[in-house]
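Please view the sequence and the model together before reading on.

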Amino acid sequence: MVRFKNRYLVFELIWKDGKLDESVGEAALLSTFRDLVAQNFGDHGLGQALASLSVKHYNPFTGVCVIRCSRDQAREVWAALSMLTDLRNRTVMLHFLAITGTVRKCQKAAMDFSSKVYPAIKIKAKHKRAFAEAEARLKSMDI
Amino acid sequence: MFCDLCLPEHEDLYVQRDRLTMVLRLGYDVIATDHLATGRLTPQDRCRLQPLSSEAILAGPGGEQALLVRKALPWAASPAQDLKQLKRLTLSTDDPAAAAQAFAGGASSRAETAGYDLLAVQPLSERLLQQACSSLQVDIVSLDMSHRLPFKLRPKVLAPAVDRGVMFEISYACCLRDDTSRRMLFSNATALARATRGQNVILSSGARTAFELRSPYDVINLATLFGLPERHAKTAISTRCEQLLAAASLRSFHKGVIKIEEVGPAVNLPKLEGSMHKDAASSSSPSCSALGKRKSGRGSAVTANAVAK
């Protein structure tokens, strides 16, 4: 029996209006992504992807998002995600950054990206805790 | 190096700026703005497209961030200032005679097609598709994949185009607009990939707004789902587009090998007495006053470029 293998997709969410919405979290993204897979690949496609599809990390301040899916369905899930055009009536798109086979590599890709693009990000005092939590979730991500 | 060879022309320069900002952010290096002509070419279809300066693009909203994101991408080959902006003409017609007239003898022969870097035809009838594949002097055969095609894509009809190096284009933006177009795109693109076996297919966006663009690797992944073999999917948006551009640039050469170029700035000779005096006098007349811009006689040089055939 071969070990079950995953793929980790690292994306950047680009919002058209550029506003910060803290209510969009990992759960909201996951349900949107499930709908997208169902819309594009039907019940069969969703059923196959469902078991391992999950949003492992989303940072609303930088837009970086890490999605896990099974290796066999990675192409379908990826294609479904690139069909994303709006979320809660706001125009949005996913910008592909990396696809990796291990947690460590995807953490590295996500951290490298946010440290290069947001070298000195300024967070308002009321958001500081949420930002720290999101960062901690990325660092403590496990299989 | 990734290319997007179809951004439809937009009157609003702010939309164009937003699209170019997004193009930079996603890591493309070459884009072509497309002017669509329908029926036959008229004097109104002369090239009026203007590239935007990189300062203008980056001064817009999100410009700075686009630059930072671009630097973080491993696949962006050139700095943002070197974004290559090309001009492309697409003639959408069903009349083989109109197409033959428009593209007879390559780009430089007619005023309407002269200013464009790339020429494309969108055939709306089977006869024109045949002509476009076998004899028409175009670079790209573009098919409107968001609707049902009025003909079947047969390998025999498309084969001459593959031999001649004419590319078939798949534009993906229509699949982000509605469900029906998405289905038709998948259906048509699969048929095209099957008929050409993945050769001579290029991928472009056809994006009307910035948010209809997708990252090059998103597009490559989508193309593998169209049935393009993996090794062709990546070249379809990179190497093959570069080959196409190289071939298209040769069209301005005489028979594809010789080009008459102006030589660099001319050296001003000190005024001399005697026989040279006539030359010096004529150079002060307005027609020849700019010595650097002499176009004939000793001012021009013939450059021969060997083309591997």
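Against which elements do the buried residues of helix 6 of chain B pack?

## Surroundings of helix 6

The model described here is predicted. In chain B, the buried residues of helix 6 pack against strand 3, strand 4 (118-123), strand 5 (140-142), helix 4 and helix 7 (155-164). The residues of helix 6 that are buried are L128(B), L129(B), Q130(B), A132(B) and C133(B).

## Contact between helix 4 and helix 6

Helix 4 of chain B spans residues 96-103, and helix 6 of chain B spans residues 126-134. Their axes lie 9 Å apart and meet at an angle of about 30 degrees. Because angles under 35 degrees count as roughly parallel, helix 4 of chain B is roughly parallel to helix 6 of chain B.

On the side of helix 4 of chain B, the contact is made by P96(B), A99(B) and A100(B). Helix 6 of chain B contributes R127(B), L128(B) and Q131(B). The residues of this contact comprise four nonpolar, one polar and one charged.

## The sheet of chain B

Chain B holds an open sheet of seven strands with parallel pairing, in the order 1-2-3-4-5-6-7. Strand 1 (3-8) and strand 7 (201-204) of chain B are the edge strands, each pairing on one side only. From one strand to the next, the twist averages 35 degrees.

Within chain B, strand 2 (residues 30-38) and strand 3 (residues 84-93) run parallel and are joined by nine bridges. T38(B) is found opposite S92(B) of strand 3 of chain B.

Notes
Residues are numbered from 1 along each chain as its sequence is written. Chains are lettered from A and ligands numbered from 1 in the order in which they are written. This is a predicted model: local features need pLDDT of at least 70, side-chain atom pairs count only at pLDDT 80 or more; totals for chains, interfaces and linings use all residues. Axes are lines fitted to C-alpha atoms, for helices over the stretch in contact, and angles run from 0 to 180 degrees between N-to-C directions. Helices (H or I, at least four residues) and strands (E, at least two) are DSSP runs, numbered from the N terminus. Angles under 35 degrees count as roughly parallel, over 145 as roughly antiparallel, 65 to 115 as roughly perpendicular and the rest as oblique. Two residues are in contact if their C-beta atoms, placed from the backbone, lie within 7 Å. Ala, Val, Leu, Ile, Met, Phe, Trp, Tyr, Cys and Pro count as nonpolar, Asp, Glu, Lys and Arg as charged, and the others, Gly among them, as polar. Two strands pair if DSSP finds at least two bridges between them. A residue is buried if 20 or more other C-beta atoms lie within 10 Å of its own, exposed if 12 or fewer, and partly exposed in between; C-beta atoms are placed from the backbone.
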